[in-house]
Amino acid sequence: MTDLLEDIEPVRPKFPVVLSLTDDDRVTLDQLAVLLKVAPNDVLLELLHRNAPSPNGHGYEVLCSGCGLTFQSNRRPIPGKKHWCENCRKTGEPGAQRARAYRERKAQEKSS
């Protein structure tokens, strides 16, 4: 019986990708190739694959801004924005944090 994974071929882009790399970029790609255990030509494809959402729908692991626990989200987390797990949404934590931030801003405006 043959291994099913032997029949699967990696997806290659249908258009040519041309990159102009400096010597430092090439060294970095070679180091990444060793760390990721892939061929140097496949490093960029592997990085793109790792940053794309998973096909099974579990997506990204995100840190909740309310309770600090990690949860799975189908949306890519945006740096600098707050993210809320389902439990914190149900308890109203996003609204409570917005209200606290509003009161803090108003207090700072009065003191200045």
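Biologist: What do β1 and β2 form, and how many residues lie between them?
Modeller: β1 and β2 form a hairpin with six residues between them. G68 in the turn has a positive phi of about 85°. Strands here are DSSP runs of E with at least two residues, and helices are runs of H or I with at least four, numbered from the N terminus.

Biologist: Where do these coordinates come from?
Modeller: This is a predicted model; local features need pLDDT of at least 70, side-chain atom pairs count only at pLDDT 80 or more, and totals for chains, interfaces and linings use all residues. Residues are numbered from 1 along each chain as its sequence is written, and side-chain values use heavy atoms, with hydrogens and water left out.

Biologist: How many bridges join β1 to β2, and do they run parallel or antiparallel?
Modeller: Four bridges, and the strands run antiparallel. Two strands pair if DSSP finds at least two bridges between them.

Biologist: Which residue in β2 is the bridge partner of L63?
Modeller: T70.

Biologist: Now α1. Which residues there are buried?
Modeller: L29, A33 and L36 are buried. They are on the same side of α1 because they cover an arc of only 80° around the axis, taken from the directions from the helix axis to the C-beta atoms.

Biologist: Which are exposed on the other side?
Modeller: D23, D24, V34 and L35.

Note on methods
Buried < 20%, exposed > 50% of the residue type's maximum accessible area, 1.4 Å probe, protein only.
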